Amino acid sequence: MTLLITLVSPVAPARAIDYPSWQDLQNAKANTASAAAQVTAIENLIAGLQVKVQETQAAAEKSASELETAQQEFDDATRRAADIQSQADSSKSTADAATKQAGQLAAQLYRTGGTDLSVNLFLEGEGDGADADLLLAKLGNMSKLVERSSDVYESAQSATNNAQSLSDQAKVAQTERETLRVAAEEALAAAQDAAAAAASALVESEVKSAELEQQLQFMRDAQATTTAGYEAGVAERARLEAIRVAAAAAAARAAAAAAAAAAAANSGGSGGSGNSGGSVNTSGWAVPASGRITAGYGPRSVICNGGACSGSFHYATDLGTGCGAPIYAANAGVVTWAGRLGTYGNFVKISHSGNVSTGYAHIRDGGYNVSSGQTVAAGQLIAYSGETGAAQGCHLHYEVWIGGNRINPVPFMADRGASLG
């Protein structure tokens with residue numbers, strides 16, 4: 001019962017869990033009432049493990065959703081800060097030009113002698129009225145010069161004030177961007193921790209459930225099995241599991257080799273670059289999947305599917321792979337995410353050298369070929385495409401990060417000789 005309370009209430013302080021020993025079971029079986037109670041306790045333990053798995057998986061999904069929102073807000077703030085800074089720089093150039101023009105007019109006025117312009121012009125005349133028309137013309141020209149000087153000065157002052165205002169706004173936007181960057185990093189760490197906890201709970205549940213099911217079966221048997229027999233069964237399951245894992249790994253390596261061979265044989269296929277999915281070039285980069293570009297990086301209509309809606313800006317390039325098509329690692333690196341992530345559906349993210357990361361979204365259910373923490377090679381088969389998350393039709397949603405910012409994957413990949421589409 002202590003174990004059951006601990007599993008159902010994960011916030012309680014951790015404590016040692018006492019599972020029933022074989023001696024406990026032997027003693028319980030000697031008494032009908034005690035045996036029945038022991039059966040109920042074991043069933044409750046199994047149910048508690050299942051509850052714990054459900055709770056940790058729900059927490060992981062919540063953290064993943066918060067991560068996606070934080071990343072979206074950070075990317076939007078980055079674009080907003082860049083736009084305001086560009087406007088500030090342009091306004092400053094206008095202000096500098098207007099200020100220069102105002103200075104030139106002021107210098108021209110100063111060269112008239114520094115006294116009243118009208119007095120200077122009268123003194124230039126002969127005093128007999130012979131130059132009256134010329135005097136009036138000069139007075140008119142000087143009046144216009146003074147008026148233009150005043151207009152230019154006011155324009156320069158206005159442009160300077162506008163440039164300062166935009167510069168102040170840019171600083172505020174940059175501060176907001178930095179705050180959101182920190183929030184995105186914290187959300188990523190929380191989501192990774194939650195995913196790891198869910199995976200750990202699932203493993204614990206599978207291991208303990210197998211053990212408890214064996215004990216439960218023992219309690220229900222008409223005749224008791226021996227401890228040696230139980231231990232032999234555990235050892236046999238471990239041996240068979242090791243064989244299964246080894247066979248799965250060998251099959252994955254064979255599939256990757258076959259895919260690489262097929263990619264090399266078809267390297268002259270259609271597409272802008274002539275590269276097929278998984279083919280690795282001399283730069284060490286590979287095309288993540290075969291298929292034409294169906295959606296580019298930039299603004300787009302919101303897509304809703306399965307109760308989730310995408311943002312109005314597409315931070316990726318979509319490749320029309322079709323359902324179940326192979327997806328490959330674009331470069332060597334370490335898998336930092338392999339699990340469900342909000343509107344991405346099933347998602348894999350890989351960290352590469354040079355502060356670069358790549359992301360692969362909408363993977364089909366059960367379509368993972370890698371796990372978090374695994375090291376992968378360029379062109380290695382990592383998953384199969386689907387339409388999980390906010391997707392319409394099976395395709396690969398491919399993203400590229402530099403630092404914490406998502407950038408346009410098309411020119412990035414083209415610069416590395418692995419053009420998309």
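Is Ile350 buried or exposed? That was my way into this structure, which is a predicted model.

**Entry 1: Ile350**

I looked up the accessibility of Ile350 and found 0% relative accessibility, so Ile350 counts as buried. The cut-off I used for buried is under 20% relative accessible area. I then checked where Ile350 sits, and it belongs to strand S9, which covers residues 346-351.

Next I listed what Ile350 touches, leaving out residues up to four places away in sequence. Among these contacts are Ala329, Val334, Val335, Val356, Tyr360, Val376 and Ile382. Thr336 is also one of the residues that Ile350 touches. I followed that pair up: Ile350 and Thr336 are 14 residues apart along the chain, and their C-alpha atoms are separated by 5.6 Å.

**Entry 2: Lys62**

I turned to Lys62, which I found in helix H3, residues 32-110. Its relative accessible area is 52%, so Lys62 is exposed; the cut-off for that word is over 50%.

**Entry 3: the whole chain**

The chain has 421 residues, and 35% of them count as buried. Ile350 is buried too.

For contacts between residues at least 6 apart in sequence, I noted that 70% join residues at least 24 apart. Last, I looked up the accessible surface of the chain: about 22200 Å², with 55% of that belonging to carbon and sulfur atoms.

Note on methods:
Residues numbered from 1 in each chain as written. Predicted model: local features only at pLDDT ≥ 70, side-chain atom pairs only at ≥ 80, totals over all residues. Heavy atoms only, no water. Helix = DSSP H or I, 4+ residues; strand = E, 2+ residues; numbered from the N terminus. Buried < 20%, exposed > 50% of the residue type's maximum accessible area, 1.4 Å probe, protein only. Contact = heavy atoms within 4.5 Å. Areas by Shrake-Rupley, 256 points an atom, 1.4 Å probe, with all protein chains shown as cover.
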